[in-house]
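Here is a short briefing to read alongside your sequence and model.

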Amino acid sequence: MAPSSPPPPPPVIWLCLWALIISPAVSLTCSSQKFNKNEVYSNCLDLPSLSSYLHFSYDSANTTLSIAFVATPPKSGGWIAWAINPKATGMAGSQSLVAYKNSSTGTAQVHTYDVASYGSIVPKDLSFEVWDKTVESLRDGSLAIFAKIKVPADLATSGKINQVWQVGPSVGDDGTLAKHDFASANLQAKGTLDLKSGQSATGSGGNDKLKKKNIHGILNAVSWGILFPLGAMIARYIRTFESADPAWFYLHAFCQVSAYAIGVAGWGTGLKLGSESPGITYSAHRNIGIALFVLATVQIFALFIRPKKDHKYRFYWNIYHHSIGYAILVLGIVNVFKGLSILSPEHKWRTAYMIVIIALGGISLLLEAITWVVVLKRKSKKSTKPYDGYNNGN
């Protein structure tokens, strides 16, 4: 008789994974933010990238714009910036408010910068009037820039301004700003602000690529982040119940094959995006994605070489199948969160995925307890059967 197959890893693997997932701070929205001086604005926007927020009020009578821009520097000592570009939609030519903490005193300060070009970013008065410039350090580590701006006449007439925002890693002693990253979230940190309606729209350029990135993210989140864990739960818990045999196997196979098909589609869109974005590389996300594709392909072949239960190699097949399966499970969820960090969607999507994973984990803990009870009862019944001398060769 073949040796019994080793049980899958205990649910402690889930607990470790949850600790990794829920470690980031809980995401906020602009409507929940409070300032130290209790400033109140007519409008607030969750800006679509870099986890940034804009609170503003516009007085059309005297064309005055009051703003509070909130963002978190990527590193301690980093900077945040919000700008108006009077003539274009990008960073070049923008008139910027930049805040950072002084490296020697640790106090936050705000300055104005004229971004004449990407190679010329110098502290300088802006081309329009700005007053009441202040900055606050908020409890979550973010900075808030406050200012009042006299909107130029031509922009006040149209009622729309080109806004740009950004975050960077450090500031030199002479006030020189270190270059920000050129990731997707950084490049998309711009849009048009409608002062009258209180709405913001991103530029049309790059929308097609953003749509492809969203498709890539959705496919991979559903595949590696939801279906694969669900399939693993079916194999571990449902098969414990004798009445579910062989239904559990077909459900497990259906989940994993579907997850693989969707995952391959997501992997393909990722390759396409990479080829269309020369010079932009997310090494860790890409390498984990390649590893997932290879491991999942190997795992699919396990379906075709699966020995019978009493075969002498079934024990080794189980080790191979379980090990690769749990590696896919952990790497898949980790890579989904890496992808969310790169894409920087609205906070509700990260929160929604966290809720799904935590719900699956909670269900798995409940099923773990139930299956242990079932297994222990089954073993106790077998141990209390009458002694059969004949069957034991006496």
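**Salt bridges**

The structure holds three salt bridges, a salt bridge being a side-chain nitrogen of Lys or Arg within 4 Å of a carboxyl oxygen of Asp or Glu. This is a predicted model, in which local features need pLDDT of at least 70 and side-chain atom pairs count only at pLDDT 80 or more, while totals for chains, interfaces and linings use all residues. Residues are numbered from 1 along each chain as its sequence is written, and side-chain values use heavy atoms, with hydrogens and water left out.

- K124 and D114 meet through their side chains in a salt bridge, at 3.7 Å from N to O. This pair links distant parts of the chain, 10 residues apart: K124 is in the loop between β7 (120-123) and β8, and D114 is in strand β6 (residues 108-117). Helices (H or I, at least four residues) and strands (E, at least two) are DSSP runs, numbered from the N terminus.
- K124 is partly exposed, with a relative accessible area of 46%, whereas D114 is buried, with 14%. Here buried means under 20% relative accessible area, exposed over 50%, and partly exposed in between (1.4 Å probe, protein chains only).
- K148 forms a salt bridge with D132, and their closest N and O atoms are 3.8 Å apart. The two residues are 16 apart in the chain, K148 in strand β9 and D132 in strand β8. K148 is partly exposed at 33% relative accessible area, and D132 is also partly exposed, at 47%.
- R236 and E368 meet in a salt bridge of 2.6 Å, N to O. R236 lies in helix α4 (residues 207-237) and E368 in helix α8 (residues 347-383), so this pair ties together parts that are 132 residues apart in sequence. Both R236 and E368 are buried.

**The five-stranded sheet**

- An open sheet of five strands runs in the order β1-β2-β3-β9-β8, with antiparallel pairing. Two strands count as paired if DSSP finds at least two bridges between them.
- β1 and β8 stand at the edges with a single partner strand each, so one side of each has no neighbour in the sheet. The twist averages 15° from one strand to the next, taken between axes that are lines fitted to C-alpha atoms (for helices over the stretch in contact), with angles from 0 to 180 degrees between N-to-C directions.
- β1 and strand β2 (residues 53-59) run antiparallel and are joined by four bridges. L45 has L54 in β2 as its bridge partner.
- Strand β8 (residues 130-137) pairs with β9 in the antiparallel sense over six bridges, and S137 stands opposite L143 in β9.
- The hairpin of β8 and β9 has five residues between the strands, and G141 takes a positive phi near 95° there.

**Aromatic pairs**

- A search of the whole structure finds eight aromatic pairs. Rings of Phe, Tyr and Trp (its six-membered ring) pair if their centres lie within 6.5 Å; planes under 30 degrees apart count as stacked, over 60 as edge-to-face and the rest as tilted.
- One of these pairs is F35 with F146, edge-to-face at 5.1 Å centre to centre and 80° between the planes. F35 is in the loop between α1 (12-21) and β1 (43-46), while F146 is in strand β9 (residues 143-150), 111 residues apart.
- F35 counts as buried at 5% relative accessibility, and F146 does too, at 4%. F35, Y41 and F146 form one aromatic cluster.

**Helix α5**

- Helix α5 (residues 247-275) has 29 residues and reaches 42 Å from its first C-alpha to its last, close to the 42 Å expected at 1.5 Å a residue. The expected span is 1.5 Å times one less than the number of residues.
- Buried residues in α5 include W248, F249, H252, A253 and C255.
- R239 lies over the face of W248, at 5.6 Å from the ring centre. A charge sits over a ring if NZ of Lys or CZ of Arg is within 6 Å of the ring centre and within 35 degrees of the ring normal.
- K272 also lies in α5 and is partly exposed, with a relative accessible area of 46%. K272 and K212 are 60 residues apart in sequence and 9.1 Å apart in space, C-alpha to C-alpha.
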